[in-house]
Amino acid sequence: NQLESNFILALAESDRGEIFVGTNGGGFTVIYPDGKSRTFHLKEDDSGILIFNVDVRPNGTAVLTTNTGPAYFDGQKIIPVKLELSGRSSTYFDVVWDKKEHLWLTTNNGIFKIEKTDWYDFLDEKLEEVPFTLINEMSGMNNRECTGATKSTITNEGILFFPTLGGVSIIDPNTPEYEYKEAAAQIRKISVDDQSYLSYDQPLAFG
């Protein structure tokens, strides 16, 4: 009766008793305690937009994780969050906040860490794009691809758990172990125009 799509991917409740509904192709619907509802859209036509998760913030705000990127709901409208170019197209699944209120986004290309100050500077229109730190196999993950329609979580001690195709990745934000490590380059074969000229049984390593 009140939803524009019955394909529901996310469901959450605010402190004020509002029900937040994230759908596949039907936008973001808020059902208010009096039974009335309102649907918000990320663009004019939301077909193809999947709202995988809704993270409720204080005072009726929320962070929406959609397949096209994160978005912020301020209670009256949805604000798409533009991230700095990551070098490849990403699908976004979930967001979790650590104890210092930094954001951690799960994607098919790894985990994006967003500093608290950068997030709020963007919302205050001080930044046009939000920078992030990429965590992937070079940081110790077994598989960079996180899974959709799942939830990340944080323990009471502040340890973060992320579901991935390679198992659960565990990050302690208080240690620098997750930070990017430069990979050593290896040459296994030299070929030009599909013609192989040199091949090495033992790869040549650099770095």
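**An open sheet and a nonpolar patch**

Let me start with Ile187, which is partly exposed, with a relative accessible area of 32%; buried means under 20%, exposed over 50%, and partly exposed in between, with a 1.4 Å probe and protein chains only. This is a predicted model, in which local features need pLDDT of at least 70 and side-chain atom pairs count only at pLDDT 80 or more, while totals for chains, interfaces and linings use all residues. Residues are numbered from 1 along each chain as its sequence is written, and side-chain values use heavy atoms, with hydrogens and water left out.

Ile187 lies in strand S16, where a strand is a DSSP run of E of at least two residues, numbered from the N terminus. Together with Ile190, Val192, Tyr197 and Leu198, Ile187 makes a nonpolar surface patch of about 440 Å²; such a patch takes residues with over 30% relative accessible area and no salt bridge, and joins nonpolar side chains within 5 Å. A salt bridge here is a side-chain nitrogen of Lys or Arg within 4 Å of a carboxyl oxygen of Asp or Glu. Strands S16 (185-192) and S17 (195-206) each give two or more residues to the patch, and the largest share, three residues, comes from S16.

Turning to the sheet, four strands form an open, antiparallel arrangement in the order S5-S6-S7-S8, with pairing taken to require at least two DSSP bridges. S5 (51-56) and S8 (78-80) stand at the edges with a single partner strand each, so one side of each is left without a neighbour in the sheet. S7, residues 69-73, pairs with S8 in the antiparallel sense over three bridges, and Phe73 stands opposite Ile78 in S8.

Notes
Patch = residues over 30% accessible without salt bridge, like charges linked within 9 Å, V, L, I, M, F, W, Y side chains within 5 Å. Areas by Shrake-Rupley, 256 points an atom, 1.4 Å probe, with all protein chains shown as cover.
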